[in-house]
Amino acid sequence: TGDRLNFGAAAGQVPQNVRMIVVADDVSLPRKTGFQGARGVAGTVLVHKIAGAAALAGKSLDEVYEVTSNVCSCMGTLGIALDAVTVPGASSKNTRIPDDKIEVGLGIHGEAGSRQSPTLTAMEMATEMVTKIRDYGREVDGGIVPMFEDGDHLCMLVNNLGGSSNLEIAILAKYCATEIEKCGGVVTHVFCGTYMTSFSMHGASLTILNLTKAGAEVKTLLEAASSAPAWVT
(Lines give C-alpha, C1' and ligand atoms only; values in the text may rest on other atoms or scores of the structure.)
Protein backbone atom coordinates (compact mmCIF):
# COMPACT_ATOMS: atom_id res chain seq x y z
CA THR A 1 0.00 0.00 0.00
CA GLY A 2 2.81 2.42 0.89
CA ASP A 3 4.55 1.79 -2.43
CA ARG A 4 1.44 2.52 -4.44
CA LEU A 5 0.53 5.62 -2.48
CA ASN A 6 4.02 7.12 -2.55
CA PHE A 7 4.87 6.32 -6.16
CA GLY A 8 1.44 7.53 -7.24
CA ALA A 9 1.95 10.78 -5.35
CA ALA A 10 5.44 11.21 -6.83
CA ALA A 11 4.15 10.64 -10.37
CA GLY A 12 1.53 13.33 -9.81
CA GLN A 13 4.19 15.88 -8.84
CA VAL A 14 6.42 15.40 -11.89
CA PRO A 15 5.80 18.05 -14.58
CA GLN A 16 6.76 15.71 -17.43
CA ASN A 17 4.50 13.01 -18.86
CA VAL A 18 4.69 9.97 -16.57
CA ARG A 19 3.26 6.45 -16.78
CA MET A 20 3.30 4.13 -13.76
CA ILE A 21 3.52 0.35 -14.01
CA VAL A 22 2.46 -1.74 -11.01
CA VAL A 23 4.18 -5.14 -10.96
CA ALA A 24 1.99 -7.64 -9.12
CA ASP A 25 3.60 -10.99 -9.93
CA ASP A 26 3.23 -12.73 -6.53
CA VAL A 27 0.90 -15.72 -6.97
CA SER A 28 0.80 -16.70 -3.29
CA LEU A 29 -2.13 -14.45 -2.38
CA PRO A 30 -5.46 -13.60 -4.10
CA ARG A 31 -5.35 -11.08 -6.93
CA LYS A 32 -7.63 -8.73 -5.01
CA THR A 33 -6.38 -8.18 -1.45
CA GLY A 34 -7.63 -4.82 -0.33
CA PHE A 35 -6.31 -1.61 -1.86
CA GLN A 36 -2.85 -2.91 -2.68
CA GLY A 37 -3.69 -6.10 -4.61
CA ALA A 38 -1.00 -8.72 -5.24
CA ARG A 39 2.58 -7.94 -4.23
CA GLY A 40 5.45 -7.27 -6.58
CA VAL A 41 8.40 -9.62 -6.12
CA ALA A 42 11.33 -10.82 -8.24
CA GLY A 43 9.49 -10.48 -11.55
CA THR A 44 10.09 -6.74 -11.12
CA VAL A 45 13.70 -7.39 -12.20
CA LEU A 46 12.57 -8.68 -15.59
CA VAL A 47 10.24 -5.71 -16.03
CA HIS A 48 13.12 -3.30 -15.28
CA LYS A 49 15.37 -5.10 -17.78
CA ILE A 50 12.80 -5.08 -20.57
CA ALA A 51 11.72 -1.48 -19.92
CA GLY A 52 15.34 -0.30 -19.97
CA ALA A 53 16.09 -2.13 -23.21
CA ALA A 54 12.94 -0.75 -24.82
CA ALA A 55 13.84 2.82 -23.83
CA LEU A 56 17.41 2.38 -25.06
CA ALA A 57 16.04 1.13 -28.39
CA GLY A 58 14.26 4.48 -28.80
CA LYS A 59 10.69 3.47 -28.01
CA SER A 60 8.33 6.18 -26.82
CA LEU A 61 7.03 6.36 -23.26
CA ASP A 62 3.69 4.91 -24.34
CA GLU A 63 5.42 2.09 -26.23
CA VAL A 64 7.55 1.22 -23.19
CA TYR A 65 4.39 1.25 -21.08
CA GLU A 66 2.60 -1.09 -23.49
CA VAL A 67 5.38 -3.68 -23.69
CA THR A 68 5.93 -3.76 -19.93
CA SER A 69 2.17 -4.04 -19.32
CA ASN A 70 2.15 -7.11 -21.57
CA VAL A 71 5.04 -8.57 -19.59
CA CYS A 72 3.27 -8.02 -16.28
CA SER A 73 0.16 -9.79 -17.54
CA CYS A 74 2.10 -12.92 -18.55
CA MET A 75 4.27 -13.47 -15.47
CA GLY A 76 4.05 -15.05 -12.03
CA THR A 77 6.39 -15.57 -9.08
CA LEU A 78 6.39 -17.74 -5.97
CA GLY A 79 8.97 -17.65 -3.16
CA ILE A 80 9.83 -20.26 -0.53
CA ALA A 81 12.14 -19.71 2.45
CA LEU A 82 13.51 -21.62 5.41
CA ASP A 83 13.69 -18.54 7.59
CA ALA A 84 12.38 -14.99 7.60
CA VAL A 85 14.39 -11.84 7.06
CA THR A 86 16.47 -10.52 9.95
CA VAL A 87 16.64 -6.74 9.79
CA PRO A 88 20.15 -5.29 10.34
CA GLY A 89 20.47 -3.90 13.86
CA ALA A 90 17.74 -6.14 15.26
CA SER A 91 18.50 -7.44 18.75
CA SER A 92 17.56 -11.01 17.83
CA LYS A 93 16.96 -13.23 14.83
CA ASN A 94 13.44 -13.43 13.42
CA THR A 95 12.10 -16.84 14.52
CA ARG A 96 8.64 -16.71 12.95
CA ILE A 97 9.42 -19.80 10.86
CA PRO A 98 10.24 -22.87 13.04
CA ASP A 99 13.41 -24.82 12.27
CA ASP A 100 11.43 -27.79 10.91
CA LYS A 101 9.20 -25.68 8.64
CA ILE A 102 9.39 -23.63 5.48
CA GLU A 103 7.14 -20.76 4.45
CA VAL A 104 5.52 -20.65 1.02
CA GLY A 105 4.79 -17.32 -0.60
CA LEU A 106 6.38 -14.87 1.80
CA GLY A 107 7.19 -11.35 0.59
CA ILE A 108 10.66 -9.96 0.04
CA HIS A 109 10.37 -7.79 3.15
CA GLY A 110 9.44 -10.80 5.26
CA GLU A 111 5.67 -10.39 4.95
CA ALA A 112 3.81 -13.57 5.86
CA GLY A 113 3.21 -16.05 3.09
CA SER A 114 0.19 -18.19 2.31
CA ARG A 115 1.16 -21.11 4.56
CA GLN A 116 3.90 -22.89 6.46
CA SER A 117 4.81 -26.44 5.52
CA PRO A 118 7.07 -29.23 6.72
CA THR A 119 10.46 -28.98 5.04
CA LEU A 120 10.37 -30.00 1.37
CA THR A 121 13.07 -31.38 -0.90
CA ALA A 122 14.30 -29.25 -3.82
CA MET A 123 12.21 -31.38 -6.19
CA GLU A 124 9.10 -30.91 -4.05
CA MET A 125 9.73 -27.14 -3.87
CA ALA A 126 10.03 -27.00 -7.66
CA THR A 127 6.75 -28.87 -8.07
CA GLU A 128 5.03 -26.51 -5.62
CA MET A 129 6.37 -23.42 -7.38
CA VAL A 130 5.67 -24.44 -10.97
CA THR A 131 2.21 -25.85 -10.25
CA LYS A 132 1.12 -22.81 -8.26
CA ILE A 133 2.31 -20.34 -10.90
CA ARG A 134 0.72 -22.29 -13.75
CA ASP A 135 -2.60 -22.72 -11.94
CA TYR A 136 -2.74 -19.11 -10.69
CA GLY A 137 -2.84 -18.25 -14.36
CA ARG A 138 -3.29 -14.99 -16.19
CA GLU A 139 -6.32 -12.88 -17.01
CA VAL A 140 -7.68 -13.08 -20.57
CA ASP A 141 -10.94 -11.38 -21.59
CA GLY A 142 -12.18 -11.29 -18.01
CA GLY A 143 -11.39 -14.95 -17.32
CA ILE A 144 -8.41 -16.89 -15.95
CA VAL A 145 -6.37 -19.27 -18.11
CA PRO A 146 -3.20 -21.23 -17.17
CA MET A 147 -0.01 -19.17 -17.03
CA PHE A 148 1.41 -21.36 -19.79
CA GLU A 149 0.15 -24.07 -22.11
CA ASP A 150 1.80 -26.90 -24.04
CA GLY A 151 4.51 -25.58 -26.33
CA ASP A 152 4.69 -22.05 -24.89
CA HIS A 153 8.20 -20.61 -24.75
CA LEU A 154 9.08 -19.49 -21.24
CA CYS A 155 11.67 -17.44 -19.39
CA MET A 156 12.59 -18.86 -15.99
CA LEU A 157 14.18 -16.70 -13.28
CA VAL A 158 15.40 -18.54 -10.18
CA ASN A 159 16.27 -15.85 -7.66
CA ASN A 160 18.38 -16.18 -4.51
CA LEU A 161 16.62 -14.33 -1.67
CA GLY A 162 20.01 -13.59 -0.12
CA GLY A 163 21.07 -16.43 2.16
CA SER A 164 21.18 -19.45 -0.16
CA SER A 165 24.31 -20.93 -1.69
CA ASN A 166 24.96 -21.01 -5.43
CA LEU A 167 24.76 -24.80 -5.27
CA GLU A 168 21.29 -24.72 -3.69
CA ILE A 169 20.01 -22.26 -6.30
CA ALA A 170 21.47 -24.31 -9.16
CA ILE A 171 19.87 -27.52 -7.88
CA LEU A 172 16.49 -25.82 -7.52
CA ALA A 173 16.80 -24.33 -11.01
CA LYS A 174 17.43 -27.79 -12.48
CA TYR A 175 14.31 -29.22 -10.87
CA CYS A 176 12.20 -26.18 -11.82
CA ALA A 177 13.17 -26.55 -15.49
CA THR A 178 12.40 -30.27 -15.36
CA GLU A 179 9.00 -29.65 -13.76
CA ILE A 180 8.09 -26.94 -16.29
CA GLU A 181 8.88 -29.28 -19.15
CA LYS A 182 6.78 -32.02 -17.52
CA CYS A 183 3.90 -29.55 -17.60
CA GLY A 184 4.37 -28.90 -21.31
CA GLY A 185 6.28 -25.63 -21.19
CA VAL A 186 9.48 -25.02 -23.18
CA VAL A 187 12.21 -23.22 -21.21
CA THR A 188 14.13 -21.05 -23.67
CA HIS A 189 15.67 -18.48 -21.30
CA VAL A 190 17.13 -19.15 -17.86
CA PHE A 191 18.36 -16.57 -15.34
CA CYS A 192 19.75 -18.06 -12.17
CA GLY A 193 21.41 -16.08 -9.38
CA THR A 194 21.05 -13.21 -6.94
CA TYR A 195 18.74 -10.55 -8.38
CA MET A 196 16.28 -9.43 -5.69
CA THR A 197 17.31 -10.18 -2.13
CA SER A 198 15.85 -9.81 1.32
CA PHE A 199 19.06 -9.37 3.32
CA SER A 200 20.12 -12.87 4.45
CA MET A 201 16.83 -14.71 3.90
CA HIS A 202 17.56 -18.40 3.26
CA GLY A 203 15.26 -19.08 0.36
CA ALA A 204 14.54 -18.65 -3.33
CA SER A 205 11.82 -17.59 -5.71
CA LEU A 206 10.79 -18.80 -9.14
CA THR A 207 9.47 -16.42 -11.79
CA ILE A 208 7.94 -17.70 -15.02
CA LEU A 209 7.41 -15.27 -17.91
CA ASN A 210 5.42 -16.56 -20.87
CA LEU A 211 7.38 -15.23 -23.84
CA THR A 212 4.94 -16.68 -26.37
CA LYS A 213 2.05 -14.69 -24.94
CA ALA A 214 4.05 -11.54 -24.06
CA GLY A 215 5.00 -10.91 -27.70
CA ALA A 216 7.96 -11.52 -30.01
CA GLU A 217 9.81 -8.30 -29.18
CA VAL A 218 10.00 -9.18 -25.46
CA LYS A 219 12.50 -11.93 -26.23
CA THR A 220 14.72 -9.45 -28.12
CA LEU A 221 14.53 -6.91 -25.29
CA LEU A 222 15.33 -9.58 -22.71
CA GLU A 223 18.41 -10.63 -24.68
CA ALA A 224 19.67 -7.06 -25.22
CA ALA A 225 23.07 -6.33 -23.70
CA SER A 226 23.10 -4.57 -20.33
CA SER A 227 25.89 -2.93 -18.36
CA ALA A 228 23.99 -3.18 -15.05
CA PRO A 229 26.51 -4.68 -12.59
CA ALA A 230 24.05 -7.16 -11.05
CA TRP A 231 22.47 -8.34 -14.32
CA VAL A 232 23.74 -11.91 -14.68
CA THR A 233 23.01 -13.69 -17.97
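Because the model is predicted, local features need pLDDT of at least 70 and side-chain atom pairs count only at pLDDT 80 or more, whereas totals for chains, interfaces and linings use all residues. Residues are numbered from 1 along each chain as its sequence is written, and side-chain values use heavy atoms, with hydrogens and water left out.

Within the sheet, strand 1 (residues 75-81) and strand 2 (residues 101-104) run antiparallel and are joined by 2 bridges, and Ala81 stands opposite Glu103 in strand 2.

The largest nonpolar core has 35 residues, of which Leu46, Ile50, Phe191, Leu209 and Val218 touch the most other members; a nonpolar core is a set of buried Ala, Val, Leu, Ile, Met, Phe, Trp, Tyr and Cys residues joined through side-chain atoms within 4.5 Å, and buried means under 20% relative accessible area, against over 50% for exposed and in between for partly exposed (1.4 Å probe, protein chains only). The elements giving two or more residues to this core are helix 2 (43-56), helix 3 (61-72), strand 1, strand 6 (153-160), helix 6 (211-214) and helix 7 (216-223), and helix 2 provides the largest share, 6 residues. Beyond its neighbours within four places in sequence, Phe191 is in contact with residues including Leu46, Cys155, Leu222 and Trp231. A second, separate core of 28 residues includes Ile102, Val104, Val158 and Cys176.

Strand 7 also holds Gly193, which is buried with a relative accessible area of 15%. Not counting residues up to four places away in sequence, Gly193 touches Val158, Asn159, Asn160 and Ile169, while its C-alpha lies 21 Å from that of Ile102, a residue 91 positions away in sequence.

The cysteines form 0 disulfides in a search of the whole structure, a disulfide being a pair of cysteine sulfur atoms within 2.5 Å. Cys72 is buried at 18% relative accessible area, and its sulfur is 9.4 Å from the closest cysteine sulfur, in Cys74, which is too far for a bond. Cys155 is buried at 0%, and the closest cysteine sulfur to its own, in Cys192, is 12 Å away, again too far for a bond.

Finally, Arg39 is found in the loop between helix 1 (2-13) and helix 2 and counts as buried at 17% relative accessibility. The side chains of Arg39 and Asp26 are joined by a polar contact of 2.9 Å, that is, a pair of N or O atoms within 3.5 Å, of which, within protein, one must be able to donate a hydrogen and the other to accept it, residues adjacent in sequence counting only if both atoms are side-chain atoms. Leaving aside neighbours within four places in sequence, the contacts of Arg39 include Val23, Leu29, Gly105 and Glu111.

Technical notes: Pairing = 2+ DSSP bridges. Helix = DSSP H or I, 4+ residues; strand = E, 2+ residues; numbered from the N terminus. Contact = heavy atoms within 4.5 Å.
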